[in-house]
Amino acid sequence: SQYSFPPFDEYCPYIDCEPDVFVQCVRTSAVAETDYGYLILATDGVWDYSSCDDICSWLSSYQFESSSNDSCYQTAAELIMENVLDNLRRKVNRSRRALTVLPKGTARRKVHDDMTVLAVRLDGILLNS
């Protein structure tokens, strides 16, 4: 509680070291041979400006090539971040440049939360039912 202030200090600690663990079995029948499943791990800043449906739509409408990728997106995570930033840009009515030059700290936090995304493609590790 030494790192908080009233009235929030009574709720410390905000984060604890006890994990919530969930297990989900993934079966090959759930994903077509030409499609890939993804595990998306993202901070709340990403989810503030996108939904699961948005991300599924973005990933399914884009072909990722492992060899010669002529597009501007190299990874699924980059594709997601580009779309999330576009959603943010439209919502706050600012240019992409204006968003990227916001200084770290209070000025940036007044506009948006931190954003991080990790996309893990599940092909090759799907479990058989």
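Guide: Start with a definition: the expected span of a helix is 1.5 Å times one less than its number of residues. Keep in mind that this is a predicted model.

Visitor: What span should the 17 residues of helix H3 have?

Guide: Helix H3, residues 76-92, should span 24 Å, and its end C-alpha atoms are 24 Å apart, which agrees. After H3 comes Asn93, with a positive phi near 55 degrees.

Visitor: What do the buried residues of H3 pack against?

Guide: They pack against strands E1 (38-42) and E2 (117-121), and against helices H1 (44-47), H2 (52-60) and H4 (96-100). Among the buried residues are Leu79, Ile80 and Asn87.

Visitor: Why does Asn87 count as buried?

Guide: Buried means under 20% relative accessible area, and Asn87 counts as buried because its relative accessibility is 19%. Leaving aside neighbours within four places in sequence, Asn87 is in contact with Tyr49, Ser50, Asp54 and Trp58.

Visitor: New topic. How many salt bridges does the structure hold?

Guide: Three. One of them joins the side chains of Glu82 and Arg96, at 3.1 Å from N to O. That pair links distant parts of the chain, with Glu82 in helix H3 and Arg96 in helix H4, 14 residues apart.

Visitor: And which residue does Asp86 bridge to at 3.8 Å?

Guide: Arg89, that being the distance between the closest N and O atoms. Asp86 and Arg89 are three residues apart in helix H3, so about one helical turn separates them. Arg96 also meets Asp86 in a salt bridge, at 3.9 Å from N to O. Through shared partners, Glu82, Asp86, Arg89 and Arg96 form one network of salt bridges.

Conventions. Residues are numbered from 1 along each chain as its sequence is written. This is a predicted model: local features need pLDDT of at least 70, side-chain atom pairs count only at pLDDT 80 or more; totals for chains, interfaces and linings use all residues. Side-chain values use heavy atoms; hydrogens and water are left out. Helices (H or I, at least four residues) and strands (E, at least two) are DSSP runs, numbered from the N terminus. Buried means under 20% relative accessible area, exposed over 50%, partly exposed in between (1.4 Å probe, protein chains only). Contact means heavy atoms within 4.5 Å. A salt bridge is a side-chain nitrogen of Lys or Arg within 4 Å of a carboxyl oxygen of Asp or Glu.
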